Amino acid sequence: MSEEQIEWRDAWKKLIDASREMILNGKKDDTSPFDRLTSLQDDKMLLFEKAIAFECLGNKAEAKKLYEVASNEKTGLPVAHWRKRAKYFFNRLEKGIVWSPDLNTNQDVFNVQWDLYFNIHYYANLDDYIRYLAISSVSRIGSEPAMAIVIFRTCLEIGLWTYFEKEAIAINEDYKRKHYKKNAESRDIGLNYLLDHMNDKPYNLFKPSEFKIFNIVRAEGNKAVHPGTIKKAKPFVYQPDDLKYIMDYFNQMMKCLNEHTKGK
């Protein structure tokens, strides 16, 4: 990755963090988290991320104005595919499409991808790190699907360790006592073991529907790491229906984690 790309990603992360702060504030017109980023005021990505924050807060009129500017070929985002994304969000509001946390997978895969991109922003209870990872991976699922899907699985693992820390540590310590002799190298448990035991007695942390969602994201991430039958060609080839299926479950997973963070 070039120095320019690193700088761009660092700036983008700051903007995503600002959007979370603005959404959590719950005020439809408080843009102070973005205003404090003085060095990024000329960055057109600020307009796009601020527009998403406005829409998440229900200020659709202001969001629409900023989406329109961000999508303009002359005044907007410098990269064509990002202008296309801003235009997609503008068109959603222009058409009066009602937002839903559930993805409509009957749409084109591009639409599903960017509805998911918006949804992850909306799940503002999630901490900055996991939220940035999720948003970043969704943005590249069209160009680097296997990498994105592996990161989906990583988001699940980080989420379990972060939002169920007490239980995760207890399961991990029990695992090490059972599987490693005294003074032997003691390795932490993997996601498979952790998730299965979180769903077992005495923890029973998840509803059956939640465990199904988490398990599918875990399984798809495993396939992306260990290609198996899904490796139809080099590099990986995921069909649009494959991607929509995986994005749908990732969206449900992030929504579940977002709910579990409330009150923690």
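**A pocket, an arginine and a helix**

Let's start with the second largest pocket: its lining is made up of five nonpolar, six polar and four charged residues. Keep in mind that you're looking at a predicted model. The space in this pocket comes to about 220 Å³. Of the 15 residues that line the pocket, Tyr88, Arg92, Ile97, Gln107 and Asp115 lie nearest its centre.

Next, find Arg9, which sits in helix H1 (residues 3-25). Is Arg9 buried or exposed? Its relative accessible area is 19%, and buried means under 20%, so Arg9 counts as buried. The side chain of Arg9 also has a partner: a polar contact of 3.1 Å links it to the side chain of Ser136.

Now jump along the chain from Arg9 to Lys212, 203 residues apart, and you'll find their C-alpha atoms separated by 33 Å. That brings us to helix H11, which covers residues 208-225. With 18 residues, H11 reaches 26 Å from its first C-alpha to its last, close to the 26 Å expected at 1.5 Å a residue.

Which residues of H11 are buried? They are Glu210, Phe211, Ile213, Phe214, Ile216, Val217, Arg218, Glu220, Gly221 and Ala224. And what do these buried residues pack against? Follow them in the structure and you'll meet helix H8 (145-163), helix H10 (191-198) and helix H12 (240-261).

Methods
Residues are numbered from 1 along each chain as its sequence is written. This is a predicted model: local features need pLDDT of at least 70, side-chain atom pairs count only at pLDDT 80 or more; totals for chains, interfaces and linings use all residues. Side-chain values use heavy atoms; hydrogens and water are left out. On a 1 Å grid over the protein atoms alone, a cavity is a set of points where a 1.4 Å probe fits but cannot get out, and a pocket is an open set with protein on both sides within 12 Å along at least five of seven lines; lining residues have an atom within 4 Å of a point. Grid points are joined across faces, edges and corners, and a volume is the space filled by probe spheres set on the points. Ala, Val, Leu, Ile, Met, Phe, Trp, Tyr, Cys and Pro count as nonpolar, Asp, Glu, Lys and Arg as charged, and the others, Gly among them, as polar. Helices (H or I, at least four residues) and strands (E, at least two) are DSSP runs, numbered from the N terminus. Buried means under 20% relative accessible area, exposed over 50%, partly exposed in between (1.4 Å probe, protein chains only). A polar contact is a pair of N or O atoms within 3.5 Å; within protein, one must be able to donate a hydrogen and the other to accept it, and residues adjacent in sequence count only if both atoms are side-chain atoms. The expected span of a helix is 1.5 Å times one less than its number of residues. Contact means heavy atoms within 4.5 Å.
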